[in-house]
Amino acid sequence: MKKLIITSIAILGVGTLSAQNVTLNVKLKPIQTLVVNNAQKIVNLDYITKDDYANGVSSMNADHLNIFSTGGFQVKVKSSSAALQNGGKNIQANTIQIKATAGSEAVNGAQYAQNVQLSANETMLVSSSNGGIDKKISIEYKGAGANAYLNNYIAGQDPTVYTTELTYTIVSQ
């Protein structure tokens, strides 16, 4: 009887042993988001005094861009046109410079471009091999000095306004 019980247990035990394999994949897709600070969606370069025309003016926008990236990235900027126009006159976009710097939540190891001339072609402002969550980039806009815009005022307009739309993009690298 003992032999029968042991034989039965052995047969049942062998019959219930089974193994299955599962392949588990962790699939990471690149995600980049870039948001312009809502309070800074309009940037003005106001030429008010004689010194403004002589020296140029700038507008510093702290934490202007907020980025999220799952890995390395580049931030680029471009103007909607090569020239800002009003009443048959124009200001060349490349007379406006953009300077990127680390914001209050810096991206570790990022490279920030200095004195980039605005263009209708995309120009790189920030490059990083690291990603980040809610990282900030500050942007300074600087208009030309040396009286470059002296003859761009149009009588009867107060002020004369030249406008372009800027597009910031973020791409993985």
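In the hairpin of β4 and β5, two residues lie between the strands, and Gly-87 there takes a positive phi near 55 degrees. The structure is a predicted model, in which local features need pLDDT of at least 70, side-chain atom pairs count only at pLDDT 80 or more, and totals for chains, interfaces and linings use all residues. Residues are numbered from 1 along each chain as its sequence is written, and side-chain values use heavy atoms, with hydrogens and water left out. Helices (H or I, at least four residues) and strands (E, at least two) are DSSP runs, numbered from the N terminus. Strand β4 covers residues 83–86 and strand β5 covers residues 89–92. These strands pair in the antiparallel sense over four bridges; pairing requires that DSSP finds at least two bridges between two strands. Ala-83 stands opposite Gln-92 in β5.

Asn-152 lies in the loop between β10 (132–142) and β11 (166–172). Its side chain reaches the backbone oxygen of Asn-90 at 3.0 Å. This is a polar contact (a pair of N or O atoms within 3.5 Å; within protein, one must be able to donate a hydrogen and the other to accept it, and residues adjacent in sequence count only if both atoms are side-chain atoms). Contact in general means heavy atoms within 4.5 Å. Not counting residues up to four places away in sequence, Asn-152 touches Lys-89, Asn-90, Ile-91, Thr-160 and Tyr-162. Asn-152 counts as buried because its relative accessibility is 11%. The cut-offs are under 20% relative accessible area for buried, over 50% for exposed, and in between for partly exposed (1.4 Å probe, protein chains only).

Other backbone features stand out. Most residues other than glycine have a negative phi, and most peptide bonds are trans. Asn-147, in the loop between β10 and β11, has a positive phi of about 55 degrees although it is not a glycine. With 38% relative accessibility, Asn-147 counts as partly exposed. Asp-63 lies in strand β2 (residues 58–69). Its phi is also positive, near 50 degrees. Asp-63 is partly exposed, because its relative accessible area is 22%. The peptide bond from Asp-158 to Pro-159 is cis, with omega near 5 degrees. Pro-159 is found in the loop between β10 and β11.

A pair of aromatic rings is described by the distance of the centres and the angle of the planes. Rings of Phe, Tyr and Trp (its six-membered ring) pair if their centres lie within 6.5 Å; planes under 30 degrees apart count as stacked, over 60 as edge-to-face and the rest as tilted. The structure holds two aromatic pairs. Tyr-47 and Tyr-53 form a tilted pair, 5.3 Å centre to centre with 50 degrees between the planes. Tyr-53 is partly exposed, with a relative accessible area of 23%, whereas Tyr-47 is buried at 18%. Tyr-47 and Tyr-149 form an edge-to-face pair, 5.3 Å centre to centre with 75 degrees between the planes. Tyr-47 lies in the loop between β1 and α2 (50–55) and Tyr-149 in the loop between β10 and β11, so this pair ties together parts that are 102 residues apart in sequence. Tyr-149 is buried, as is Tyr-47. Ring pairs link Tyr-47, Tyr-53 and Tyr-149 into a cluster.

Strands of a sheet pair through backbone hydrogen bonds, either parallel or antiparallel. An open sheet of five strands has the order β1-β2-β10-β6-β8, with antiparallel pairing. Its edge strands are β1 and β8 (116–117), each of which pairs on one side only. β6 and β10 pair in the antiparallel sense over six bridges. Ala-102 stands opposite Ile-137 in β10.

Ile-137 also belongs to the largest nonpolar core, which has 30 residues. A nonpolar core is a set of buried Ala, Val, Leu, Ile, Met, Phe, Trp, Tyr and Cys residues joined through side-chain atoms within 4.5 Å. Val-75, Ile-98, Leu-125, Val-126, Ile-137, Ile-139 and Tyr-168 touch the most other members. The elements that give two or more residues to this core are β2, β3 (73–79), β6 (97–102), β9 (123–128), β10 and β11. Leaving aside its neighbours within four places in sequence, Val-126 is in contact with residues including Phe-73, Val-75, Ala-100, Tyr-112 and Ile-137.
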